[in-house]
Amino acid sequence: MADTVDVATITTDAAHRVIAAAEAKAAEIGVPMCVAVTDPGGNVKAFSRMDGAPLPSSQVAQDKAYTAVGFGMPTHEWHGFISDDAPLAAGAPTGIDRLVIFGGGYPIRVDGAVVGAIGVSGGHWSQDQQVAEAGLAALA
């Protein structure tokens with residue numbers, strides 16, 4: 001049995017393409033955003049804060065990507081996941097560091113493997129989702 005495993009990760013070039021596509025969508029809808037792309041370990045691979053994006057959105061975007069890659073699920077799925085589970089609803093948002101339970105974070109999958117994540121913040125969470133989805137489409 002091997003003592004190590006190979007881990008697929010998003011390339012810097014791909015991360016920049018994801019950010020460019022996300023920023024194009026944010027510009028199209030007229031909402032400046034922060035966009036973060038992480039590797040599979042939740043480390044920031046690429047980041048951009050558009051001119052005029054709210055300063056706190058820098059950290060929120062990174063936390064959305066961190067949440068999405070850490071659990072392998074989009075951040076908007078968390079609300080439904082915990083809403084009917086009182087102990088989880090009470091403990092997860094305050095007990096899991098950097099957990100975000102509203103839209104704008106997605107794992108990035110290539111050939112079924114999570115190779116990173118995108119997190120977007122700066123607008124309403126539904127706008128953040130829209131911009132993140134445009135970023136993901138750059139890899140399709």
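Searching the whole structure turns up two aromatic pairs. Rings of Phe, Tyr and Trp (its six-membered ring) pair if their centres lie within 6.5 Å; planes under 30 degrees apart count as stacked, over 60 as edge-to-face and the rest as tilted. Take Phe-71 and Trp-78. Their ring centres are 4.8 Å apart and their planes stand at 75°, so this pair is edge-to-face. Next, Trp-78 with Phe-81. That aromatic pair is edge-to-face too, with 5.3 Å from centre to centre and 85° between the planes.

A word on the model. It is predicted: local features need pLDDT of at least 70, side-chain atom pairs count only at pLDDT 80 or more, and totals for chains, interfaces and linings use all residues. Residues are numbered from 1 along each chain as its sequence is written, and side-chain values use heavy atoms, with hydrogens and water left out.

Back to the rings. Phe-71, Trp-78 and Phe-81 make up one aromatic cluster. Which of them is buried? Trp-78 is, at a relative accessible area of 3%. Buried means under 20% relative accessible area, exposed over 50%, partly exposed in between (1.4 Å probe, protein chains only). Phe-71, at 43% relative accessibility, is partly exposed. Phe-81, at 48%, also counts as partly exposed. Trp-78 and Phe-81 are three residues apart in helix H3 (residues 77-83), so about one helical turn separates them. Helices (H or I, at least four residues) and strands (E, at least two) are DSSP runs, numbered from the N terminus.

One more ring. The charged end of Arg-98 sits over the ring of Tyr-66, 3.9 Å from its centre. The criterion: NZ of Lys or CZ of Arg within 6 Å of the ring centre and within 35 degrees of the ring normal.

Now the sheet. It is open, has four strands in the order E2-E1-E4-E3, and pairs antiparallel. Strands E2 (44-49) and E3 (105-110) are at the edges with a single partner strand each, so one side of each has no neighbour in the sheet. From one strand to the next, the twist averages 15°. Axes are lines fitted to C-alpha atoms, for helices over the stretch in contact, and angles run from 0 to 180 degrees between N-to-C directions.

Pairing: two strands pair if DSSP finds at least two bridges between them. E1 and E2 run antiparallel, joined by five bridges. Thr-38 stands opposite Val-44 in E2. The hairpin of E1 and E2 has five residues between the strands, and Gly-42 there takes a positive phi near 85°. Five bridges also join E1 to E4, again antiparallel. Here the bridge partner of Thr-38 is Ala-117 in E4. E3 and E4 (residues 113-121) pair antiparallel over six bridges.

How covered is E1? Mostly: five of its five residues are buried. Cys-34, Ala-36 and Thr-38 point one way, Val-35 and Val-37 the other.

Last, the helices on the sheet. Helix H2 (residues 57-71) lies across E1, E2, E3 and E4, and runs at about 155° to E4.

Note on methods:
Contact = heavy atoms within 4.5 Å.
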